[in-house]
Amino acid sequence: MKSVKNGRDGRTRIIEGALRRFSQDGVSATTLASLREESGVSVGSFYHHFASKEHVFGVLYGEILDAYQEAFLAELTSRKEARDGIEAVVAFHMRWAGEHPERARLLVSERPPRKHEPGGAEVAESRRAFFREVSDWWRPHMKDGQLQPVHATMCYVLWLGPAQEMCRLWFAGAHTPTDEEIKGLGEAAWQSLRQRS
């Protein structure tokens, strides 16, 4: 049922309010009362849509992750050359973080829901599908001697670890990355992941 006040349904208002609260205060410091207050919904409306604060977080995290991964794959699969793909994804990651700071802050700073937690199974499946598609792009470049054979976790750390750290500094207000620094992060990722002759 839509709110007469603003035309948005209760679920949407809860998700939007949770994004603001979680990104500002962190999930652990956010209370159920503050979530309801931020979204302007009643107790009954809240429990109609979500069973708990953790349930809201699991759904929100999954939605953000899906949107990020879809945009990541669109950027990656549009690139035919290995180096171009590696560097373009780093630039995309930083651009996406700048365009969606609340969402990026949640992905950077919060632990994803575990399989037994609300939303955890869906997040795990989404990640599996995502890594399969990244592997499909990676494999031919590995076979032709451009990219190293690396485990998914190591690939992520070498590819986006420094960019993630830059995002943490950025979100903390400690440093705003320049275009030149972002380009340098892409070059560093390429040097870390390329096969050496």
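Predicted model: local features only at pLDDT ≥ 70, side-chain atom pairs only at ≥ 80, totals over all residues.

Me: Turning to the cysteines, how many disulfides does a search of the whole structure find?

Reply: The search finds zero disulfides. Cysteine 155 is in no disulfide, and the nearest cysteine sulfur, that of cysteine 167, is 17 Å away. Cysteine 167 is likewise in no disulfide, its nearest cysteine sulfur being that of cysteine 155. A disulfide requires the two sulfur atoms to lie within 2.5 Å.

Me: Is cysteine 155 buried or exposed?

Reply: Cysteine 155 counts as buried, because its relative accessibility is 8% and the cut-off for buried is under 20%.

Me: And what about cysteine 167?

Reply: Cysteine 167 has 0% relative accessibility, so it also counts as buried.

Me: Now the surface. Which residues form a nonpolar patch there?

Reply: Met154, Tyr156 and Val157 form that patch, and together they have about 270 Å² of accessible area.

Me: Where is valine 157 placed?

Reply: Valine 157 is in helix H8, which covers residues 152–171.

Me: How does valine 157 count in terms of accessibility?

Reply: Valine 157 counts as partly exposed, because its relative accessibility is 41%; that class lies between the 20% and 50% cut-offs.

Methods:
Residues numbered from 1 in each chain as written. Heavy atoms only, no water. Buried < 20%, exposed > 50% of the residue type's maximum accessible area, 1.4 Å probe, protein only. Patch = residues over 30% accessible without salt bridge, like charges linked within 9 Å, V, L, I, M, F, W, Y side chains within 5 Å. Areas by Shrake-Rupley, 256 points an atom, 1.4 Å probe, with all protein chains shown as cover. Salt bridge = Lys/Arg side-chain N within 4 Å of Asp/Glu carboxyl O. Helix = DSSP H or I, 4+ residues; strand = E, 2+ residues; numbered from the N terminus.
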